[in-house]
Amino acid sequence: MSMNWVTLRVRDLEASLDFYNRILGLPIDRRFESRGKQIVMLGTVDQPKIELIQGSDPALKPECGVSVGFEVESLDDAITYLKSQGIPVARGPITPNSHLRFLYILDPDGFEVQLAEHS
């Protein structure tokens, strides 16, 4: 078994699409409509996808404890890039051991997105 996708119900699909596609660089796999809802799948065939579903109220609240995590080559480069895009670091960087550093940013709906660097 392997993970296929994570679904996020978002208030503003275009704002979330801008965040995950333009800022984080996830490619758009496909975009379609189902039952009157706009849906965008982001990611590549070799990674679990992020499914964004346009909705008026997210099914999960940002404070529910769920976050989405991504691996980066350099956390320092990621911080510089995020700053240039006007994305503040919500928490971190955190270094729990000598092989891992990570931080959290918030997506447009307030969900935590973790960026991690393993060495």
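Which residues does serine 16 touch, not counting residues up to four places away in sequence? I started my notebook with that one, and I keep in mind throughout that this is a predicted model.

**Entry 1: serine 16**

I looked up the contacts and found Val10, Leu52, Pro108 and Asp109. I then checked where serine 16 sits, and its place is in helix α1, which covers residues 13-23. Its relative accessibility comes out at 0%, so I noted serine 16 as buried.

**Entry 2: from Asp109 to arginine 11**

I found the side chain of aspartate 109 in a salt bridge with that of arginine 11, at 3.2 Å from N to O.

Is aspartate 109 buried or exposed? I read a relative accessibility of 6%, and because the limit for buried is under 20%, aspartate 109 counts as buried. Arginine 11, at 43%, counts as partly exposed.

**Entry 3: the other salt bridges**

How many salt bridges does the structure hold? I got seven. Besides the pair in my last entry, I wrote down these:

- Aspartate 29 pairs with arginine 30, with 3.6 Å between the closest N and O atoms. I have aspartate 29 as partly exposed at 37%, and arginine 30 as partly exposed at 43%.
- Glutamate 112 pairs with arginine 91, with 3.0 Å between the closest N and O atoms. Glutamate 112 is in strand β8 and arginine 91 in strand β6 (residues 91-97), so this bridge ties together parts that are 21 residues apart in sequence. Glutamate 112 is partly exposed at 21%, and arginine 91 is partly exposed at 38%.
- Asp76, Arg101 and Glu117 are linked in a network of salt bridges.

**Entry 4: arginine 91 and the aromatic rings**

I stayed with arginine 91 and found it over the face of tyrosine 104, at 4.1 Å from the ring centre. That sent me to the rings themselves. How many aromatic pairs are there? The count is two.

The pair of phenylalanine 19 and tyrosine 20 is edge-to-face, with 4.9 Å centre to centre and 85° between the planes. I checked accessibility here too: phenylalanine 19 is buried at 3%, and tyrosine 20 is buried at 0%.

Phenylalanine 102 and tyrosine 104 make up the other pair, edge-to-face as well, with 5.8 Å centre to centre and 85° between the planes. Both of these residues are buried.

**Entry 5: the neighbours of β8**

Which way do β7 and β8 run? They are antiparallel, and seven bridges join them. Leucine 106 stands opposite glutamate 112 in β8, and that glutamate is the salt-bridge partner of arginine 91.

Strand β5 (residues 67-71) runs parallel to β8, and five bridges join these two. There I noted phenylalanine 70, whose bridge partner in β8 is leucine 115.

Five residues lie between the strands, and glycine 110 takes a positive phi near 90°.

Terms used:
Residues are numbered from 1 along each chain as its sequence is written. This is a predicted model: local features need pLDDT of at least 70, side-chain atom pairs count only at pLDDT 80 or more; totals for chains, interfaces and linings use all residues. Side-chain values use heavy atoms; hydrogens and water are left out. Rings of Phe, Tyr and Trp (its six-membered ring) pair if their centres lie within 6.5 Å; planes under 30 degrees apart count as stacked, over 60 as edge-to-face and the rest as tilted. Buried means under 20% relative accessible area, exposed over 50%, partly exposed in between (1.4 Å probe, protein chains only). A charge sits over a ring if NZ of Lys or CZ of Arg is within 6 Å of the ring centre and within 35 degrees of the ring normal. Helices (H or I, at least four residues) and strands (E, at least two) are DSSP runs, numbered from the N terminus. Contact means heavy atoms within 4.5 Å. A salt bridge is a side-chain nitrogen of Lys or Arg within 4 Å of a carboxyl oxygen of Asp or Glu. Two strands pair if DSSP finds at least two bridges between them.
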